[in-house]
Each structure stands twice: as C-alpha cells, then as structure tokens.
Amino acid sequence: KVLILDFGSQYTQLIARRLREKNIYCEIHPFNTSIENIKEFNPKGIILSGGPASVYEEGAPKVSKEIFELGVPVLGICYGMQLITHLFGGKVVRAEKHEYGRAELQVLDSSDLFKGLPEKFVVWMSHADRVLEVPEGFEPIAKTENAPFAAVRHKEKPIYGVQFHPEVKHSQFGDKVLENFAKVICGCEPLWTMENFIEYEVEKIRETVGDKNVICALSGGVDSSVVAALLHRAIGDQLYPIFVDTGLLRKGERESVERTFKEKFNMKNFRVVDASDLFLERLKGVVDPEKKRKIIGHTFIEVFEKAAKEIPNAEFLAQGTLYPDVIESVSVKGPSATIKSHHNVGGLPEKLNFKLIEPLRELFKDEVRELGRQLGLPEEIIKRQPFPGPGLAIRIIGEVKSEYLRILRDADAIVLEEIKKAGLYDKIWQSFAVFLPIQTVGVMGDERTYDYVIAIRAVESVDGMTADWVKLPYELLERISNRIINEVEGVNRVVYDITSKPPGTIEWE
Ligand code: XMP
C-alpha cells in the first residue's frame, strides 16, 4: 500500500483515485502525520502531494527528513517535489511566469518512472514556484521547454519528484506514471479489487458482530443501500434495516425500496416506519428553510431511535460514511460560511449508544457503485441521482402542506419519467420539480384558471459543489410542461430554472 501525504492540493484525492483504479491500495493522511504513525502504516511507497504554499516561506508545511531514511521510495508531486528539493539543499524560486496548463514533456530516462511511455507526451502543469537548482545527488529525468527539471531522481536513493500533475486527466499517461511509481519502483501488487474487498469486509463484519443484531437506516440511496446489501451478505437476518417514511418522499419511492430489499434481497427484518403524519404536523406553519431542515433532522432521529429500541439484541449501527468524509484534509481555506446546514438524514448522532460499523469508510463514491453492482443491487439504485435528506420539504417553497406534496409528487414523477425516456437521466446530476406556492392566471378550454406554478430544475455537476443548468431540448421541455399542466391538477404554469451554481444553489431552499 501507498501512503499519500496531503499538503492541501485540490488534486490530492485524485492521486488516490488513480492508484486505486490500478488496483493499488492507498490512503491519504495529513502532511504532519508523525513518523511513528508512518512507520506503523508501513507503506511500500510515499507520495508527497501538491499544495498551495511556497517552501521558502516561513511556516510552510514540511515533513521530517526521516521519511527519506525509511528505505521506502518517495515521490514528490509539484509542491512535494519542491519540498524535496528544498530539504536536500536545492533552490526553489518564484517563477517569473506562472506555468499553468499543458506542456510537452520530454523524457530523458525511461528506466523506471517513465517505463514503457513514449519519449514525448503532454502533461498538466500548475505552479507558481519552480526548481531552479536541483540538490546534489539528483538528476533530471524529464524536461519541458520552460522547466529543465520537470522530473528528477536521486542518483542512489529511490527519491523522485515531478513538477507536473500526473493525477489529473489532462496529463497523458499520468496514471501510468503513478502506476510505475507504485509497481515498478515500490513493488506494490495490484491486489485492491472489489472481490477482495467484499471477502475481507464480510469476514470483518462477522467477527465484529458475533451473535448480536445490527440496525441501519435504509433510505434507498446508493450509500445506505450498499451498506445494507453488504451487511446482509455478511450476517443475513441479523440485519434490521429501518426505512422511515417521512411523507416527504417521491412518488412510489417507499414501494420501490420495499420491493428491492424485502422481496428481491429477501431481508426478512426490513421494516418501514410510517411517520408521515408526525413530520407534516411538525412542519405546520414553518416557512424558514433552515428551520424545516432542523425539524426534519430531529424528528428523523427521534423516529429512528424509537424504532431501534424495539429491536432485540441490537448493539450495532451500520452507516454509509465514505472516504471523502473521513479524510482529514489539510484545508488551507478559512472557515466557510454556512449556506445550508445540509443535515444529512441518515447521519445519526453518537448519543444513540450503538457501536458504529462503517464498511464504506475506505471507499470513493464510484467504488461504492462498483461494490453495489457486485452485490447485485439494481442499476436503478446504483445510478440514482442524489436526493436530499429533507426530501420534498425543501422543494416546496415555504410551508409544507399535504396538497402541495401531492402536486409536487405527481409533477416530479413526470419530470423524471420524461428525462429517463429521453435517455438523459444518467447524464444529469439532478433533475426534479419544485413547487411554488404562488397562483397565476391561466386559461384552459374556455375557463379562467388560477393555479400554482411548477419549476423544473436540471443541473450538471461533478460533486454538487458547482453546477450548470442543463440545456434540455425544447421538445422535451414542451412535453414535460404539457403533461404536468394536463395531468396534475392544481398547476397551470411550468417554468424552467436557468440558474447555475453559483450564484444559485441546486435546491431552491
Ligand atoms: P445545494 O442546494 O446546496 O445542494 O446546491 C448541493 C447538493 O446537496 C443536496 N442537498 C442536501 N442533501 N440534506 C441533504 O442530505 C440537505 O439538507 C441538503 N440540501 C441540499 C442537493 O440535493 C445537492 O445534491
């Protein structure tokens, strides 16, 4: 396994992604991880990530020089390479011109890091500092027009540095460079596969759980579904999945989750708690989005806790925490303002007094999907677009009422159905309807109407942090609009949201 020390680059997670794609296990830890912990981790190789700092500045993040004496190969990327240069007595200076974008790399030595690669290929550069002089004992193994030391190597020790970013997709063969480091230089074996993962986790879960029972909150989203499927594979009916019907779900959602887990997976102890009246009651008269989120969050916990107490011999709670939530990234940004509290329903508090089982802690989202496939979950769940914990409550502007829910549910079902029919569902991050409690005048037949407005929202995004509105075909928008107005009673106007994020957010509340 490979250890990645994080110096705060926005690309650090990509290094791990690329290695895992090559079936090599790796973990990201903060740059200041102690040397004892590093020894205990026992890596076969260490990668120093990029980062926004300048090595020659006071307070710049560093590593102990001891890591070069562990006899383990080290690769520095961008800042990591500058740090190696600095620690070994070379010279790093601010570049006259920031180098940003593509550059042609010319390989000077292809015996290890660049093994099997062409003599010239395009790499992605992004740096403000550059190596002016390499330290004694180092030699260049690749260059670009602007950077004579685009890649360097120690003449005797397995210490390497690259100025470019092999982890980004814009770097041709970048993944091969990382793979070469892991396999050729560190001698790692490509053992990280989903089959191995399942086998290992199943064994571990059985050992941890013994003859006790495990509960989990199953929402039908990708993460909680994969957790449930994995646990069920490991401990069968010792698993008690609890599905809370908040009354804020989409059309047919509860039935579809029941079908999948109760019938297809034969989870005998799957139970549905219908708390829709309670949620609606508590949301009565509440208009403020953050208040709605808090009420829903608290109520969910309360309902879940009550259901959990009724389960005999339950000692564990399984949760779908993913790797990106776990990584203690060295954020160099200041505390950012809370835009939305994003209370994640399913993220339960510690006071529940259960021991946690988090089998996805080491996985990225696409690995979770792959795992789900191997466990036999339907594509419909694996490729499901994200759906917020507070559900339709934050897609009804202002107060939530059962009439509004009925209208939104029907309109939303039409949006999804048409998007799927057009073959666009998988290409879109999220697509849904929003209910606006304003009435406008219309005419249907010879009658004047005075009904509500539905907004359609469809966005493209990689991670939900930023998003662009999707240029849906006019014919599709037309069909959706016609169908909603004709089929959903109470709506006489449909509008399309053409706001990206920023400045908008994906959800309207
Ligand atoms: P925004 O609206 O902030 O949404 O652009 C970004 C992503 O987060 C989802 N979202 C939520 N998820 N609880 C959740 O579990 C919430 O309160 C919440 N609010 C927004 C949203 O659907 C999008 O994917």
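Colleague: Which residues does Arg483 contact, leaving aside its neighbours within four places in sequence?

Modeller: In this predicted model, Arg483 is in contact with Ile414, Glu417, Glu418, Lys421 and Val488. A contact here takes heavy atoms within 4.5 Å. Arg483 itself sits in helix H14, residues 474-487.

Colleague: What makes the pairing of the Arg483 and Glu418 side chains a polar contact?

Modeller: The distance between the two side chains is 2.8 Å. The cut-off for a pair of N or O atoms is within 3.5 Å, with one able to donate a hydrogen and the other to accept it. So the pair of Arg483 and Glu418, at 2.8 Å, counts as a polar contact.

Colleague: And how do you know whether to call Arg483 buried or exposed?

Modeller: Its relative accessible area is 17%, and buried means under 20%. Arg483 is therefore called buried.

Colleague: Let's go to the record. Which residues does UniProt list for "active site"?

Modeller: The unreviewed UniProt entry lists Cys78, His165 and Glu167.

Colleague: What makes you say they cluster in space, although they are spread over 90 residues of sequence?

Modeller: The largest C-alpha distance among them is 11.0 Å.

Colleague: Why is Cys78 counted as buried?

Modeller: Cys78 has 5% relative accessibility. Buried means under 20%, so Cys78 goes in that class. You'll find Cys78 in the loop between strand S4 (74-77) and helix H3 (79-87).

Colleague: Which residues is Cys78 in contact with, once its neighbours within four places in sequence are left aside?

Modeller: Those are Gly50, Ser126, His127, Val162, Gln163, Phe164 and His165. So one of the contacts of Cys78 is His165, with heavy atoms within 4.5 Å.

Colleague: Where does His165 lie, and why is His165 called buried?

Modeller: His165 is in the loop between strand S9 (159-162) and helix H4 (174-185). Its relative accessible area is 3%, and that falls under the 20% limit, so "buried" is the word for His165. Beyond its neighbours within four places in sequence, His165 touches Tyr11, Ile77, Cys78, Trp124, Ser126 and Ser171.

Colleague: What makes the link from the His165 side chain to the Glu167 side chain a polar contact?

Modeller: Again, it's the distance: 2.8 Å from side chain to side chain. With the limit at 3.5 Å, the pair of His165 and Glu167 qualifies, so it is listed as a polar contact.

Colleague: Why are Gly220 and Ser225 called buried?

Modeller: Gly220 has a relative accessible area of 3%, and Ser225 has 0%. Buried means under 20%, so Gly220 is buried and so is Ser225.

Colleague: What does the side chain of Ser225 reach at 2.6 Å?

Modeller: The backbone oxygen of Gly221.

Colleague: Why is Asn266 called partly exposed?

Modeller: Its relative accessible area is 41%. Buried is under 20% and exposed is over 50%, so Asn266 lands in between and is called partly exposed. Asn23, at 28%, is partly exposed too, for it also falls between those limits.

Colleague: And what kind of peptide bond joins Lys501 and Pro502?

Modeller: A cis one, with omega about -20°. The bond from Pro502 to Pro503 is cis as well, with omega near 5°. Pro502 is in the segment after strand S18 (491-496).

Definitions and conventions:
Residues numbered from 1 in each chain as written. Predicted model: local features only at pLDDT ≥ 70, side-chain atom pairs only at ≥ 80, totals over all residues. Heavy atoms only, no water. Buried < 20%, exposed > 50% of the residue type's maximum accessible area, 1.4 Å probe, protein only. Helix = DSSP H or I, 4+ residues; strand = E, 2+ residues; numbered from the N terminus. UniProt positions renumbered as here; feature names shortened; annotations may be inferred.
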